[in-house]
Amino acid sequence: MIVVTGATGSIGRALVTRLGGHEVLAAVRRPAGDLGSPYAPADLAEPETIGALLSPGDRLFLNSSLWPGVVDAHRAVIDLAAKAGVAQIVTVSVRDAAPGGRLGLGMHGLIDAHLTESGVPWAALRPSGFMQNLPGDFEGGTMYGSYGSGRISYIDARDIADVAATLLTSPVGPGRAYVLTGPEALSPDEIAAEIGRVLGRSARYVDLPVPELAGRLERQGMPRELALDLAELQAQTGDGSWAPVTTEVRDVTGRPPRTLADFLADHAAAFS
Ligand SMILES: NC(=O)c1ccc[n+]([C@@H]2O[C@H](COP(=O)([O-])OP(=O)(O)OC[C@H]3O[C@@H](n4cnc5c(N)ncnc54)[C@H](OP(=O)(O)O)[C@@H]3O)[C@@H](O)[C@H]2O)c1
């Protein structure tokens, strides 16, 4: 059986769909009849509720959003998966994950380090920024951020799901990290222009100093410290370090990753 956590998220939903025909169990916090897959109540914040779903030989997709307790929770789930005799854990990490890194980079770095020492066969997916974030960066015809002019090789979260589905349904390979990107690295100006072209209206990018972006995120409801960290992370990834494109999506799935134009063709309504 393939146990999928984070099944209601942008990667998880696409993954459950891609795994149609396989024996899948979605571990979810709320009833999720719309997933089209069997599901069971479980919460990563209570790791034993995930552990109770695992049997010897299962494959586990380990993914969730980030919260202050995420490192301890994921490490505990990894330990329970090892105890249960799980055959493989495929986890969603982040590009440049490393203990001590900023925000998610540091959290995932700690989780990944635990995973590699767990004794459970593993694969860590390390994507760059998700195209699915872009609608949230827009207000009216303006995209706000602190990326400067740096290019980022954004990836469509559905491609992460496709890589996960391939790994979870193929013979288990040696443990390794996969740096996942889209097919092109675009600057914020180019992204705004492409979105404007697809939507048929003008769109532009406005670069904000870190404190201003943090204030904007805070007004949208994000806790102050997280907002500042996120704005600083944007400035950090905008230095060009998330620009290089990899071939991992094509290497694993046999087809190229989706372009921004592909993403926009399916998500134009999210920008209106
Ligand atoms: N966004 C990016 O650009 C980006 C880039 C690189 C890496 N990443 C990484 O990608 C991962 C996914 O991020 P995301 O923001 O895209 O997530 P997401 O798609 O919004 O999905 C989050 C999922 O996790 C579930 N979840 C959250 N807390 C949970 C808990 N305590 N127990 C069980 N399920 C829980 C949510 O379930 P509910 O429906 O119950 O809330 C949801 O299904 C994160 O690890 C992030 O660091 C993100």
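At what angle do the axes of helix α7 and helix α11 cross? This is a predicted model, in which local features need pLDDT of at least 70 and side-chain atom pairs count only at pLDDT 80 or more, while totals for chains, interfaces and linings use all residues. Residues are numbered from 1 along each chain as its sequence is written, and side-chain values use heavy atoms, with hydrogens and water left out.

Back to the helices (DSSP runs of H or I, at least four residues, numbered from the N terminus). Helix α7 (residues 188–199) and helix α11 (residues 260–267) have axes that cross at roughly 45° and come within 10 Å; axes here are lines fitted to C-alpha atoms over the stretch in contact, and angles run from 0 to 180 degrees between N-to-C directions. That makes α7 oblique to α11. On the scale used, angles under 35 degrees are roughly parallel, over 145 roughly antiparallel, 65 to 115 roughly perpendicular and the rest oblique. The α7 and α11 crossing is right-handed, a label for a near helix turned clockwise from the far one by less than a right angle.

Next come helix α8 (residues 210–219) and helix α9 (residues 224–237), whose axes come within 8 Å and cross at roughly 135°. So α8 is oblique to α9, and α8 passes α9 in a right-handed crossing. Helix α3 (residues 70–84) and helix α4 (residues 104–116) pack at about 15°, with axes 9 Å apart. The pair α3 and α4 is therefore roughly parallel.

Then there's the ligand. It is surrounded by 24 residues, the closest being Thr8, Ser10, Arg29, His108 and Asn133; to be near, a residue needs a heavy atom within 4 Å. The shell splits into nine nonpolar, twelve polar and three charged residues. Here Ala, Val, Leu, Ile, Met, Phe, Trp, Tyr, Cys and Pro count as nonpolar, Asp, Glu, Lys and Arg as charged, and the others, Gly among them, as polar.

A backbone N or O atom of serine 10 sits 2.7 Å from a ligand oxygen atom, and a polar side-chain atom of arginine 30 lies 3.0 Å from an oxygen atom of the ligand.

Definitions and conventions: A polar contact is a pair of N or O atoms within 3.5 Å; within protein, one must be able to donate a hydrogen and the other to accept it, and residues adjacent in sequence count only if both atoms are side-chain atoms. Helices (H or I, at least four residues) and strands (E, at least two) are DSSP runs, numbered from the N terminus.
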